[in-house]
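The sequence and the structure come first.

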Amino acid sequence: MLAAIDFHALGRVVLASLVAGVGIPVLYSLAIFGVGKADEARRGGLNTAAAAYSALAIAALLVFGASVVLGVSVMLNKD
Amino acid sequence: MDDVVLWIVVGTALAFDFTNGFHDTANAVATSISTRAMPPRLAVGLAASLNFVGAFLSLAVAATIASGIVDANYITPSIVFAGLIGAIAWNLATWYFGLPSSSSHALIGGVVGSAFVAQGPKAVYGAGIVEKVIVPALVAPVLALIVCALAISLTYRIVGRRHPGPVTRGFRLGQLVSGSLFSLSHGTNDAQKTMGIIVLALVSNGNLSEGADVPTWVVLSAATAIALGTYVGGWRIIKTMGSRIIKMDPAQGFTAQTVGACVILSASHAGFPLSTTHVMTGGIMGAGAAKRLSAVRWGVAGNIAGAWVLTLPASAAVGGLTYAVVALFGAHQAGPMVVSILLLLLLTAAFVKRIATGRTLTAEG
């Protein structure tokens with residue numbers, strides 16, 4: 001029975017699912033966190049902190065966007 | 001004359017594809033509708049469009065769905081026809097009870113049952129069933145549950161102390177992206193099943209050589225059928241997945257959809273077909289269980305798991321029974337024609353009865 005299982009493919013699925021499935025929601029959460037904190041800092045007159053949080057939000061959103069593009073490219077390039 | 005039977009098989013395969021889209025709409029839209037990220041009609045319209053596009057993007061799973069489970073040398077168009085009837089029957093039965101279940105496994109079960117009745121055990125590969133049905137059925141929900149539970153735990157740690165308003169709006173916006181990606185990945189995965197079964201029928205009828213490319217008309221018709229089914233929407237299952245397993249907030253909806261898309265895409269990329277239903281249901285349970293175990297209605301989850309266990313034997317039984325009836329009238333020609341006419345009459349009668357009583361098949365809510 002075990003011989004019928006493609007452990008190599010299964011391992012790839014588990015690893016990719018863990019990395020992308022945990023990583024992408026975390027990135028998006030960091031973007032939401034960054035936007036909220038940047039807004040608070042701006043209203044409190046803390047311009048440096050606002051810039052730092054904005055940079056965090058932008059970076060997280062960029063990586064999130066890149067991961068979506070990567071997902072679509074995976075669809076286009078299956079084994 | 002064999003071509004008449006072949007076209008009956010192709011028509012039945014497309015009917016199955018329609019029920020596949022109709023049955024699996026919930027996987028793509030239930031979380032978006034439940035968290036009010038999108039109005040219901042917009043959600044199903046977007047999902048249908050992306051399923052259509054997704055069907056054109058990859059043919060990898062089409063090459064693997066039928067091979068390795070049944071021996072193509074023993075398969076005839078009548079066997080494929082009876083198998084499809086088994087799968088359609090299971091999809092309609094589970095829709096009626098609002099239970100999400102795997103259309104892939106229903107299809108495999110139907111074909112296995114009809115092949116078994118027609119040709120005996122030599123036509124069925126037991127190892128193929130283990131590899132393509134049992135192992136994926138165990139892996140998909142558990143993997144999605146664990147990944148989603150981890151992801152939502154980290155998400156709550158990051159945004160848990162923020163003002164709820166902007167966080168909710170942010171995740172609803174994110175659901176537009178995650179829902180779209182999930183629908184697209186569903187199209188790349190599920191429309192391939194019908195393509196696979198039509199190709200199997202074409203090969204068994206001698207219209208196509210084994211290993212040949214999937215013809216364009218097969219891709220186009222399968223994409224259209226799954227998109228139409230998705231647009232019609234199986235609202236009973238949407239209700240189960242959107243609100244009966246857990247009461248979902250936008251962060252959970254976004255995470256479940258994103259994890260679902262990631263798992264399906266990873267599996268699809270590796271040519272290791274996983275059921276989108278198993279993945280999405282596991283993801284939703286994980287999103288609820290990470291908040292607190294009692295947030296998941298385990299009774300509903302148990303009913304769903306029961307349906308998953310029954311999918312293969314029940315669809316195999318209907319597939320086998322259908323083949324036995326087909327064989328009574330003549331397996332090569334008259335049988336599929338008689339059975340398809342009888343089923344069409346039955347469906348028409350059921351539809352007319354529902355219309356007459358003022359109910360539609362897909363009433364929202």
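Is Leu265(B) buried or exposed? The model is predicted, and in it Leu265(B) has 28 C-beta neighbours inside 10 Å. The cut-off for a buried residue is 20 or more, so Leu265(B) counts as buried. Leu265(B) sits in helix H9 of chain B, which runs over residues 250-269.

**Contact between the chains**

In the contact between the two chains, 31 residues of chain A touch 43 residues of chain B. On the chain A side, the elements that give two or more residues are H1 and H2. H1(A) supplies the largest share, 20 residues. By class, this side of chain A has 22 nonpolar, five polar and four charged residues.

| Helix pair | Axis separation | Crossing angle |
|---|---|---|
| H1(A) (residues 7-43) and H2(A) (residues 47-76) | within 7 Å | roughly 155 degrees |
| H2(B) (residues 40-57) and H7(B) (residues 216-232) | 8 Å | about 165 degrees |

The axes of H1(A) and H2(A) cross at roughly 155 degrees, and angles over 145 degrees count as roughly antiparallel, so H1(A) is roughly antiparallel to H2(A). The crossing of H1(A) with H2(A) is left-handed. H1(A) contributes residues including Ala20(A), Ile24(A), Leu27(A), Ala31(A), Lys37(A) and Arg42(A). Among the residues they meet in H2(A) are Ala49(A), Tyr53(A), Leu56(A), Ala60(A), Phe64(A) and Ser67(A). The residues of the contact of H1(A) with H2(A) comprise 18 nonpolar, three polar and two charged.

For H2(B) and H7(B), the angle between the axes is about 165 degrees. H2(B) is therefore roughly antiparallel to H7(B). Their crossing is right-handed. The H2(B) part of the contact includes Val44(B), Gly45(B), Ala48(B), Phe52(B) and Phe56(B). From H7(B), the contact includes Val219(B), Ala223(B), Ile226(B), Thr230(B) and Tyr231(B). The contact of H2(B) with H7(B) has 12 nonpolar and five polar residues, and no charged residues.

A general point bears on reading such contact lists. An α-helix has 3.6 residues a turn, so residues three or four places apart point the same way.

**Helix H3 of chain B**

Gly98(B), which follows H3(B), has a positive phi near 70 degrees.

**Arg36(B)**

A positive phi also occurs at Arg36(B), a residue other than glycine, where the value is near 60 degrees. Arg36(B) is found in the loop between helix H1 (2-34) and H2 of chain B. With 13 other C-beta atoms within 10 Å, Arg36(B) is partly exposed.

Key
Residues are numbered from 1 along each chain as its sequence is written. Chains are lettered from A and ligands numbered from 1 in the order in which they are written. This is a predicted model: local features need pLDDT of at least 70, side-chain atom pairs count only at pLDDT 80 or more; totals for chains, interfaces and linings use all residues. Helices (H or I, at least four residues) and strands (E, at least two) are DSSP runs, numbered from the N terminus. Axes are lines fitted to C-alpha atoms, for helices over the stretch in contact, and angles run from 0 to 180 degrees between N-to-C directions. Angles under 35 degrees count as roughly parallel, over 145 as roughly antiparallel, 65 to 115 as roughly perpendicular and the rest as oblique. A crossing is left-handed if the near helix is turned anticlockwise from the far one by less than a right angle, and right-handed if clockwise. Two residues are in contact if their C-beta atoms, placed from the backbone, lie within 7 Å. Ala, Val, Leu, Ile, Met, Phe, Trp, Tyr, Cys and Pro count as nonpolar, Asp, Glu, Lys and Arg as charged, and the others, Gly among them, as polar. A residue is buried if 20 or more other C-beta atoms lie within 10 Å of its own, exposed if 12 or fewer, and partly exposed in between; C-beta atoms are placed from the backbone.
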